[in-house]
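Look at the sequence and the model shown here. The report that follows describes the fold in words, one part at a time.

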Amino acid sequence: MRCGYFMMTRETVAYMMYGFGDAKEPDPDSIALMEDMLVEYLTNVAHRSMEVAERRGRMQTEDLLYVIRNDRKKFARVDE
C-alpha cells in the first residue's frame, strides 16, 4: 500500500494488528481487509481536510485537526 511518501507493507499492517491484540500471524485475508479499510479511512480524512483547506487556498495542520475534532481520542493523541 502506498500513502504519499510512506510505504506501508502488509507486514506493517500485521504488526499493527498484533499490537492491537490480534494473533501474532493474522490471516492474510484479515490483513488485506484491514489494509483496504485503512487506505479508505486515510483517503477520506485527507479529502475532508482538503475540502476544509480550499476555503483558504492551502492545507495546514489545523485543517486535519478540524476534521478530527469530534473524535476525542484521536484529537488527544495529536494534542500530546
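## Helix H1 and its cover

Helix H2 (28-53) is part of what covers the buried residues of H1. Contact here means heavy atoms within 4.5 Å, and buried means under 20% relative accessible area, exposed over 50%, partly exposed in between (1.4 Å probe, protein chains only). Helices (H or I, at least four residues) and strands (E, at least two) are DSSP runs, numbered from the N terminus.

H1 spans residues 10-19, and its buried residues are Val-13, Ala-14 and Met-17. Seen down the axis of H1, these fall within an arc of 100°, so they line one face of the helix; the arc is that of the directions from the helix axis to the C-beta atoms. An α-helix has 3.6 residues a turn, so residues three or four places apart point the same way. Tyr-15 and Gly-19, on the other side of H1, are exposed. Just after H1, Gly-21 has a positive phi of about 105°.

## Source of the model

This is a predicted model, in which local features need pLDDT of at least 70, side-chain atom pairs count only at pLDDT 80 or more, and totals for chains, interfaces and linings use all residues. Residues are numbered from 1 along each chain as its sequence is written, and side-chain values use heavy atoms, with hydrogens and water left out.

## Where H2 meets H3

The axes of H2 and helix H3 (residues 61-68) come within 8 Å and cross at roughly 115°. Axes are lines fitted to C-alpha atoms, for helices over the stretch in contact, and angles run from 0 to 180 degrees between N-to-C directions. On the H2 side, Val-45, Arg-48, Ser-49, Val-52 and Ala-53 meet Asp-63, Leu-64, Tyr-66 and Val-67 of H3. The residues of this contact divide into six nonpolar, one polar and two charged. Ala, Val, Leu, Ile, Met, Phe, Trp, Tyr, Cys and Pro count as nonpolar, Asp, Glu, Lys and Arg as charged, and the others, Gly among them, as polar.

Ser-49 lies in H2 and counts as buried, at 1% relative accessibility. Leaving aside neighbours within four places in sequence, Ser-49 is in contact with Met-59, Asp-63, Leu-64 and Val-67.

## The whole chain

The chain has four helices and two strands, in the order β-β-α-α-α-α along the sequence. Its radius of gyration, taken over C-alpha atoms, is 15 Å, well over the 12 Å that the globule rule gives for 80 residues, so the chain is more spread out than a compact globule. That rule is 2.2 Å times the number of residues to the power 0.38. Of the 80 residues, 20% count as buried.
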